Amino acid sequence: MKAMNIGRNEAGQRLDKYLAKVLAEAPKSFLYKMLRKKNITLNGKKASGSEILKEQDEVKFFLSDETFEKFSRKEFCRTRQNLDIIFENEDVLLINKPAGVLSQRQDAKEESMVEQMISYLLDTQAISQKQLRTFRPGICNRLDRNTSGLLIAGKTLPALQQLSDLIRNRSVHKYYLCLVKGVLKEKQSIRGFLKKDNNRNIVRIYPSQVEDAVFIETVYEPLGNNGAVTLCKVLLVTGRAHQIRSHLSSIGHPIIGDTKYGNVTVNQQFRQKYRLKRQLLHAWNLEFPDMETDELKIGGKSFFAPLPDDFAKILRGENLPEESMINGGKEKKRRAQ
């Protein structure tokens with residue numbers, strides 16, 4: 001018999017969801033059968049699986065060691081990690097993702113920022129292998145593989161839930177820096193409808209509603225141009241796949257280096273001049289709202305991720321504002337908050 005006490009990272013979920021994490025390899029039919037036969041109990045009583053778990057609840061497994069190990073979630077295999085951590089407390093982790101790395105892996109063969117983050121938390125003893133059986137820290141926002149910048153991660157279940165709610169409610173302001181083709185001179189809010197082609201992994205932008213399309217809004221602010229390209233600060237009002245890249249391309253100002261939505265000729269010029277192999281899009285700044293109950297200790301704070309070297313080098317080469325000049329250098333002062 002094994003007994004497990006429910007802690008902070010397990011409370012608030014249904015019992016059957018919890019069991020599916022503990023015995024991750026077991027079919028659902030097996031779990032419900034064990035509940036019916038009282039081989040799995042909650043606080044010493046028969047349970048259906050629909051109960052909402054609370055801290056200090058006790059789940060008992062009257063299973064053989066062989067059965068328990070057969071169906072248990074396998075131990076997490078650590079990976080190499082060298083995280084650029086912008087901010088960390090007991091609940092929240094903000095990471096500056098490099099270009100070329102997935103935010104979350106698409107299959108078991110490829111590592112992502114999630115695996116690096118969990119390995120870091122294991123190394124720093126912020127979480128244990130035992131705790132990983134029932135809870136996995138996660139990332140709340142996704143960046144494309146070749147987009148760099150700030151990722152928001154929750155180290156605890158309450159943090160993941162609260163951060164996800166803030167993002168879903170558009171309470172977190174997410175600003176990006178990008179270099180685009182052509183000259184833009186005025187701040188603009190652009191709206192449209194985005195439709196995804198899952199087979200080709202691309203999206204299309206429409207001026208009015210079409211079937212299966214979703215509303216999007218993007219605000220861009222030019223920070224400087226050299227007559228050929230413009231450095232922009234972009235506020236992502238809605239957060240959809242490829243939104244900034246496709247939306248700016250739809251108005252004739254694709255991001256430099258973007259092979260899906262960009263200009264082939266301009267991309268070739270930057271590849272030859274700077275050996276650029278990815279889109280110049282960087283998740284630069286996160287602004288969190290003031291919160292009445294600031295349990296995560298990030299309310300009202302603003303965080304910045306320094307530009308990658310390749311992006312900064314190209315700005316210098318194109319005589320455009322470097323990061324130290326953007327917003328009068330305010331980002332350096334505010335990052336320390």
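Predicted model: local features only at pLDDT ≥ 70, side-chain atom pairs only at ≥ 80, totals over all residues.

User: How much space lies in the largest pocket?

Analyst: About 1,200 Å³. On a 1 Å grid over the protein atoms alone, a pocket is an open set of points with protein on both sides within 12 Å along at least five of seven lines, a cavity is a set where a 1.4 Å probe fits but cannot get out, and lining residues have an atom within 4 Å of a point. Points are joined across faces, edges and corners, and a volume is the space filled by probe spheres set on them.

User: What is the lining like by class?

Analyst: The largest pocket has 13 nonpolar, 17 polar and 13 charged lining residues. Ala, Val, Leu, Ile, Met, Phe, Trp, Tyr, Cys and Pro count as nonpolar, Asp, Glu, Lys and Arg as charged, and the others, Gly among them, as polar.

User: And which strand gives the most to the second largest pocket?

Analyst: Strand β1 (residues 2–5), with three residues. The second largest pocket holds about 370 Å³ of space, and its lining has six nonpolar, six polar and six charged residues.

User: How many cavities of 30 Å³ or more are there?

Analyst: One. The volume of the largest cavity is about 40 Å³. Its lining includes Tyr175, Tyr176 and Trp284, and β13 gives the largest share, four residues.

User: New topic, the largest nonpolar core. Which members touch the most others?

Analyst: Leu94 and Phe288, in a core of 53 residues. A nonpolar core is a set of buried Ala, Val, Leu, Ile, Met, Phe, Trp, Tyr and Cys residues joined through side-chain atoms within 4.5 Å. Buried means under 20% relative accessible area, exposed over 50%, and partly exposed in between (1.4 Å probe, protein chains only). Apart from this core lies another of 22 residues, among them Ile6 and Val59.

User: Why is α6 largely enclosed?

Analyst: Because six of the eight residues of α6 are buried. They are Gln243, Ile244, Arg245, Ser246, His247 and Leu248. These buried residues pack against β8, β9, β10, β11, β12 and β13, where contact means heavy atoms within 4.5 Å. Just after α6, Gly252 takes a positive phi of about 90°.

User: Last one. Is Ser103 buried or exposed?

Analyst: Ser103 is buried, with a relative accessible area of 3%. Its place is in the loop between β5 and α4.

User: What lies 2.9 Å from a polar atom of its side chain?

Analyst: The backbone oxygen of Leu143. A polar contact is a pair of N or O atoms within 3.5 Å; within protein, one must be able to donate a hydrogen and the other to accept it, and residues adjacent in sequence count only if both atoms are side-chain atoms.

Key
Residues numbered from 1 in each chain as written. Heavy atoms only, no water. Helix = DSSP H or I, 4+ residues; strand = E, 2+ residues; numbered from the N terminus.
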